[in-house]
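Reader: I have a structure open and want to go through it with you. Could you start wherever you like, and I'll ask as we go?

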Amino acid sequence: MDYEKPFIFIDTNFGLDEALMIKMAFNSFDFEILGMSTSDGKMNPVLAAENIVGLSTEEGLFLPVAAGKPFSDYQHLDKEIFSTTKDYIETISAYENIIDKAEDCGRLDIIATSGLTNIAKALEEAPEIEDYISHIFILGGETDEEVSGTFIEDPEAVDKILNTSIDLFLLPLGIANEPLLSDDMIVKLYGKDKNLDTILDEFKNEPLENRLLKAPLLLYLTQAPEAFIFEESGFGVITSDLEGEVGSLYRTNSRKKNYRVTRVNEEVFYDFLLGSL
């Protein structure tokens with residue numbers, strides 16, 4: 001039987017770890033990227049989308065990339081890292097891009113590194129695509145009054161996603177924040193590829209504690225879930241400060257079980273990172 005590559009849609013921003021994840025995804029032959037959208041994050045979503053288009057064209061790729069809406073007027077990482085005149089961001093909205101790709105594909109996996117606003121809006125506008133999305137891999141998933149920053153701005157969107165029938169994999173930031181890009185790893189990676197070098201130059205400007213690898217670890221989860229240990233439970237999210245810490249998950253038996261990471265072998269992940277770049 002012929003192996004069929006998974007179809008991937010990436011909803012992200014363009015923080016340093018996300019830029020590195022996108023480069024890793026572009027390098028991969030294990031899945032096919034159908035499209036991308038940007039959510040609010042370290043960079044304004046429009047500028048993030050323009051950087052992604054710039055990187056993708058540098059890689060010889062022409063992907064449909066649509067921008068989401070910002071929750072704030074200023075993001076501290078607003079910067080043109082990659083630019084191009086060869087391609088442009090889509091004129092349709094981020095959620096419309098998700099709907100189009102889900103309907104075209106019929107069995108889509110989504111990687112989400114920022115908020116879940118775009119995905120929740122897509123499901124609200126086109127509920128039928130719930131049947132076309134196989135898995136969503138989500139960065140965030142703190143419990144017991146700990147809060148994921150990616151969940152705070154739009155907890156209602158998180159709650160909507162958690163209440164679907166889609167299989168969800170949650171990577172809590174408490175675990176995702178642990179792997180860091182060391183000087184030694186930068187030396188090993190540097191000089192292989194000019195686009196990678198551009199991203200690594202941005203990492204070099206940061207102290208070690210800020211060289212997070214959250215998004216690459218989420219990408220690793222999509223490729224090797226067997227390397228992780230999970231808690232299986234139904235989850236809801238606190239959406240009002242009258243109920244507790246907004247953005248914190250709680251366990252519930254009234255919802256379908258999903259998969260929340262509790263442990264990962266960092267050394268094996270570093271091997272994946274170096275091998276993917």
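**Helix H4 and its cover**

Author: Strand E1 (7-12), E2, helix H3 (94-105), strand E4 (108-112), strand E5 (133-139) and helix H6 (155-162) are among the elements that cover the buried residues of H4. Contact means heavy atoms within 4.5 Å.

Reader: Which residues of helix H4 are buried?

Author: In H4, residues 117-125, they are Asn118, Ile119, Ala120, Ala122 and Leu123. Buried means under 20% relative accessible area, exposed means over 50%, and partly exposed is in between, with a 1.4 Å probe and protein chains only. Helices (H or I, at least four residues) and strands (E, at least two) are DSSP runs, numbered from the N terminus.

Reader: Where do the numbers come from?

Author: This is a predicted model, in which local features need pLDDT of at least 70 and side-chain atom pairs count only at pLDDT 80 or more, while totals for chains, interfaces and linings use all residues. Residues are numbered from 1 along each chain as its sequence is written, and side-chain values use heavy atoms, with hydrogens and water left out.

Reader: Fine. How many helices and strands in the protein?

Author: There are 11 helices and nine strands. The radius of gyration is 18 Å, close to the 19 Å that the globule rule gives for 277 residues, so the protein is as compact as a globular protein of that length. That radius is taken over C-alpha atoms, and the rule is 2.2 Å times the number of residues to the power 0.38.

Reader: And what does the C-alpha trace span along its principal axes?

Author: About 50 × 50 × 40 Å. Of the 277 residues, 54% count as buried. Among contacts with a separation of 6 or more, 80% come from residues 24 or more positions apart.

Reader: How many positive and negative side chains?

Author: 22 positive and 53 negative, and the centres of the two sets lie 4 Å apart. Lys and Arg count as positive and Asp and Glu as negative, with His and the chain ends not counted. The place of a charge is taken as NZ of Lys, CZ of Arg, CG of Asp or CD of Glu.

Reader: Back to strand E1. Is aspartate 11 buried or exposed?

Author: Aspartate 11, which is found in strand E1, is buried, with a relative accessible area of 0%. Not counting residues up to four places away in sequence, aspartate 11 touches residues including Ser37, Thr38, Ser39, Ile98, Ile111 and Asn118. Asn118 is also one of the buried residues of H4.

Reader: What does the side chain of aspartate 11 make a polar contact with?

Author: With the side chain of serine 39, at 2.6 Å. A polar contact is a pair of N or O atoms within 3.5 Å; within protein, one must be able to donate a hydrogen and the other to accept it, and residues adjacent in sequence count only if both atoms are side-chain atoms.

Reader: What about glutamate 32, where is it found?

Author: In strand E2, residues 32-38. Glutamate 32 counts as partly exposed, at 39% relative accessibility. Leaving out residues up to four places away in sequence, glutamate 32 touches Lys5, Pro6, Phe7 and Ile8.

Reader: Next, the loop between E5 and H5. What is phi of aspartate 144?

Author: Near 55°, a positive value in a residue other than glycine. Aspartate 144 is found in the loop between E5 and helix H5 (149-152) and counts as exposed at 55% relative accessibility. Glutamate 145 is in that loop too; its phi is near 75°, again positive in a residue other than glycine. Glutamate 145 is partly exposed, with a relative accessible area of 42%.

Reader: And serine 148, buried or exposed?

Author: Buried, with a relative accessible area of 0%. Serine 148 lies in the loop between E5 and H5.

Reader: Which side chain does a polar contact join to that of serine 148?

Author: The side chain of glutamate 142, at 2.3 Å. A polar atom of the side chain of serine 148 also lies 2.8 Å from the backbone nitrogen of glycine 141. Leaving out residues up to four places away in sequence, serine 148 touches Gly140, Gly141, Glu142, Leu173 and Gly247.

Reader: Last one. Where does serine 276 lie?

Author: In helix H11, residues 266-276. Serine 276 is buried, at 18% relative accessible area. Its side chain reaches the backbone oxygen of phenylalanine 272 at 2.8 Å. Leaving aside neighbours within four places in sequence, serine 276 is in contact with Met24 and Asn27.
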